[in-house]
Amino acid sequence: MKAKAVWLVAILLLGVIASGCIGGEKETGTQTAGKVQLTGDFTKDVVAIGKVLEQNGISEVKFSAWGSGDPNSVMRVYGIVEAARRINKIWADNGIKVKIVITDTHYVASFQDAYKEYLSKQPLGQAGDFFVNSYAFLPTLADEGYILDITDYANAYKSVIDDFYPSLIEASKYKGRLYGLPQDTEARPLYVRKDVAAKIGLDVNTLPEKVKSGEFTWSDVYYWAKKAKESGAAEWGLIHRKGSAHPDLIQFIFAFGGKLYDPNTGKLVVDVPAVYKWLYVEWKFAQDGLLPKDIMSWDWAKQIHPTIVEGKTLFDIGGTWYWTEWQTKQYYHGRGLKPEEVKEWFAYTLFPAGEKGDKPVTLSQPFIWMINSKAGAQNPKYDELKDVYHMLAFLMIIKASDPDINAIHSVISAHLPVRKEAAKLIKDEKWLNDLKNLNLDLDPTVKDNIKNIVQATVNPINAQFLADVSYMLEYTHLAPAHPKYPALADIFKEAVDKVLRGEMTPEDAVNYIIQKVNADPELKENVEIQGEIPKNWKFPQ
Amino acid sequence: MNKINKEKFTALSFFLSPMLLMVVLFYLIPLIMTVYISFTQMRNWNVERYLKDFVGLYNYERLFYMFQHDPTFKAVLLTTIVFVGITLIINVFGGLALALATFFISEKPASSFRLLWLLPRMSPIAVYSLVWYYFFHGSEIGTLNSILMKLGVISQPIPWGQTVPWGAWSIIIFVNGLVGVSFGMIVFTSALNQIPRELVIAARVDGASAWEISRKILIPLTKWHFLYVLTWQFLSLLTTYPHLFLLVQWDLVNRDYGTTLALYVFNTAFGRGEQDQGLAAAAAVILSIIGVIGGFVTLKVLQFEKMMKRPRGDF
């Protein structure tokens, strides 16, 4: 009995000591992490975090960066690499022996595929610590707790936050909380081939103003497209994207004065009159042979871009990034265009109003730097130092948003800057010249990876283009950040495909959309059908 | 349990345990998990959040509602029936025909010929699908359209995969049939090689043609292999989706008539936008039930139990 009692006491004591040890360590960690408070002074905050890491015996912090998009937008991941180098420099200058190492820069072309991969790997702790993707996915990621709520951190960096364009900061929020920082944005102009326009007498110099004032509408686009086709000046009147209707084609809804979201109810909207008019325009263009009936299954690299750059169409609905993509990809008879050629061949305007009385539009899809809610998990003492790692990750996206990093991305990828300071920089000739020669203080890895793109894209013509299209942001719309929006956009795409191919009339296609929405109880609950198909509406007017 | 039984049990356990473990790990647990997930709100891979979010028959009700109201869903079911039915016939009878054809020629050319049919199975799925993507592409960049236009057979490219329903069906059946036919070919070839050569030689001596030998000797003796290939291919086709996924994803074939129930399950669970794993699991359970019923009917009709009888002879 005595022996049993001794054993029991011994086990109890051991348990108490063990729990004390575990608890003690945790407490120390929490206290240490708690010492760091972001002040808004970047260097001070970085140094404070570095010291905490050093005290905890951490000499290397590992992070990975995931990004996606067109081939010229690699700064979406190399911006993080550069931010790490700049923070490492601050630590080195202050004698702190800690280093950030970017273990993986994962960059893929399709932003939807990148999102799918992130969704499947985040719960396993295998997704990137930094994730750059469309704001459209932010609500779902935030809702699932997959990305970090940075509202409290951002409060300390108000001066930086205030330098971003407010609408873009709004796009980075979900339910009033901030979940990321804008990385870039863009406009979706209507490109016009100048050579084709000249053949049919369309004055492209006055066109942007006419579009701006709402004088030149989609009926005019139809008129000139028809003229181009019938006169033999071009094979097609209009070319647009394939695949998803989001975001380029969604512009039609706004151009016809429609909406996609009701802020009062928080529901998505199928604005029947606007959707009908959009589908009717598509149907009419395709039926009259001005737009390929099978465009939704065209090949991007072999058909869509070559048709545009080879001048086989008068109009093209595209994005600002096309401007430099045409220069770096071999779409034109096996080579890229020279900047002078792009300038000589293409004019650009806002997306025209649907009809008189409506307004011209453009649509932006800001990309956002998001931080994984498990950021830093691959590092030692993650449980104790979680907050420190998260703060450091936040400071990294603050650094990756430095005006020069943002401006480099804008110039080489023809996306629009998200910060006012970056917008100023792209107008600075000296800075542009330094970028052209890569005479900038950048990480050698970054320089290596953007060298060819810089060679092909950095020049005054491209900078001027960005400056010229910046005004479009005043007309911009954002598709709703709603978890069910991708499903609705998918249905729109199906409907567009069916009217283009002539399988359905515009009226049938609207009913198809309504039927599809109503067929899924969850979608039905989240979508309002508003208005009716207009009677006696004519196109072109 | 007496001593002999105990020993027998120990021996059986020893030999069967690896297989049983495999079945439990890779079949039973996933099956139970799929059924369980179908009763939850699981989405976006968020196991932590939704695993205990039990919603009863909600996903099944939603699926049933969609079946009633969604035109796409009806196309998916019709496509599943046509795709599985026709590809199954191609895979089974095509495999048998190939095996018989190579049976009557000398071994060396026969092996080369069989190897040719195995190429699609050996090619990576993406590469193989890409070949057919460009071959059937609905514009002038498509190889088939380009050839036909050069020959003057057609003046305008034909959107093969977008011609519904048969254009889309033909492509998915063709592409998958070409992969699947080699499986039957191998099984039947092996079966034919087991048949005593004397029977064939004797028939030859009696003046029987290749067709008569096939009909009267070879085919009846490969009945059980036929049953095996049929059942296996049926279940395999019911759950196959990778080639279909790529062909639909690349817009080669019409989405409604290029999507089978298996692909629908995959897209619902792991597709773009919201990934609804609960709903997909419900559809997967229904797919499994169809598979079980279909498999059972096939085995019953072809009298599987007869094959399982102890063969006569000494034991």
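Leaving aside neighbours within four places in sequence, which residues is S182(B) in contact with? They are W117(B), L118(B) and R121(B), where contact means heavy atoms within 4.5 Å. S182(B) sits in helix 8 (residues 166-194) of chain B. S182(B) is buried, with a relative accessible area of 0%; buried means under 20% relative accessible area with a 1.4 Å probe, protein chains only.

This is a predicted model, in which local features need pLDDT of at least 70, side-chain atom pairs count only at pLDDT 80 or more, and totals for chains, interfaces and linings use all residues. Residues are numbered from 1 along each chain as its sequence is written, chains are lettered from A in the order in which they are written, and side-chain values use heavy atoms, without hydrogens and water.

Now the second largest pocket. It holds about 1400 Å³ of space. Of its 33 lining residues, P30(B), L31(B), T34(B), A284(B) and S288(B) are the closest to its centre. Helix 1 (3-37), helix 11 (223-239), helix 13 (261-270) and helix 14 (277-301) of chain B each give two or more residues to the lining. Helix 14 of chain B gives the largest share, eight residues. By class, the lining has 26 nonpolar, seven polar and no charged residues.The terms need their cut-offs. A pocket is an open set of points on a 1 Å grid over the protein atoms alone where a 1.4 Å probe fits, with protein on both sides within 12 Å along at least five of seven lines; lining residues have an atom within 4 Å of a point. Volume is the space filled by probe spheres set on the points. Helices are DSSP runs (H or I, at least four residues). Asp, Glu, Lys and Arg count as charged; Ala, Val, Leu, Ile, Met, Phe, Trp, Tyr, Cys and Pro as nonpolar; the others as polar.

Technical notes: Buried < 20%, exposed > 50% of the residue type's maximum accessible area, 1.4 Å probe, protein only.
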